[in-house]
Amino acid sequence: ISKTTNKSENVNNFSLNIDILDLDFEEKVDNFIKKYIEEHYSIEVSSNSYKEIYKYLKNNQNMDDENLKIIDKIFSLLIVNKYTSSKKANREEIIQNINSLEK
């Protein structure tokens with residue numbers, strides 16, 4: 001039970017403490033979104049690709065369509081940021097999307 005509590009606290013703290021100038025921004029968001037999915041949908045996704053995670057979530061009966069769109073948008077922005085030098089605008093959009101996820 002304590003493991004779940006720690007996860008939950010980490011997820012909540014993370015969304016409040018992210019900075020768009022953080023050098024590890026994408027890695028932290030990747031960890032956050034995977035922990036969020038594991039916590040909210042009770043699935044292990046740490047070793048899955050975004051495509052695999054999306055496919056699973058799309059087929060999940062408990063998945064809210066709006067939340068699925070937000071998660072997909074976050075995945076897309078993370079992928080784009082991997083290959084672009086101008087990450088700031090995307091990072092701001094990622095944070096907006098994280099804040100839009102159902103709690």
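Modeller: A term to begin with: rings of Phe, Tyr and Trp (its six-membered ring) pair if their centres lie within 6.5 Å, and planes under 30 degrees apart count as stacked, over 60 as edge-to-face and the rest as tilted. Residues are numbered from 1 along each chain as its sequence is written, and side-chain values use heavy atoms, with hydrogens and water left out.

Colleague: How many aromatic pairs does the structure hold?
Modeller: There are two aromatic pairs. One of them joins Phe32 to Tyr36 and is tilted, at 6.1 Å centre to centre with 35° between the planes.

Colleague: Where do Phe32 and Tyr36 sit?
Modeller: Both belong to helix α2 (residues 25-41), and because they are four residues apart there, about one helical turn separates them. Helices (H or I, at least four residues) and strands (E, at least two) are DSSP runs, numbered from the N terminus.

Colleague: Are they buried or exposed?
Modeller: Phe32 counts as buried because its relative accessibility is 5%, and Tyr36 is buried with a relative accessible area of 3%. Buried means under 20% relative accessible area, exposed over 50%, and partly exposed in between (1.4 Å probe, protein chains only).

Colleague: And what about Tyr50 and Phe75?
Modeller: Their ring centres are 4.3 Å apart and their planes are at 15°, so this pair is stacked. It links distant parts of the chain, with Tyr50 in helix α3 (residues 50-58) and Phe75 in helix α4 (residues 65-82), 25 residues apart. Tyr50 and Phe75 are both buried.

Colleague: Changing topic, which residues does Ile33 touch?
Modeller: Not counting residues up to four places away in sequence, Ile33 touches Ile71, Ile74, Phe75 and Leu101, where contact means heavy atoms within 4.5 Å.

Colleague: Where does Asp64 lie?
Modeller: Asp64 is in the loop between α3 and α4, and it is partly exposed, with a relative accessible area of 34%. Asp64 and Glu102 are 38 residues apart in sequence, yet their C-alpha atoms are 9.0 Å apart in space.

Colleague: What is the average pLDDT of the chain?
Modeller: The average is 83, and 84% of the residues score at least 70, but over residues 1-16 pLDDT stays under 50. Where pLDDT is low, the predicted coordinates should not be read in detail.

Note on methods: Predicted model: local features only at pLDDT ≥ 70, side-chain atom pairs only at ≥ 80, totals over all residues. pLDDT = per-residue confidence, 0-100.
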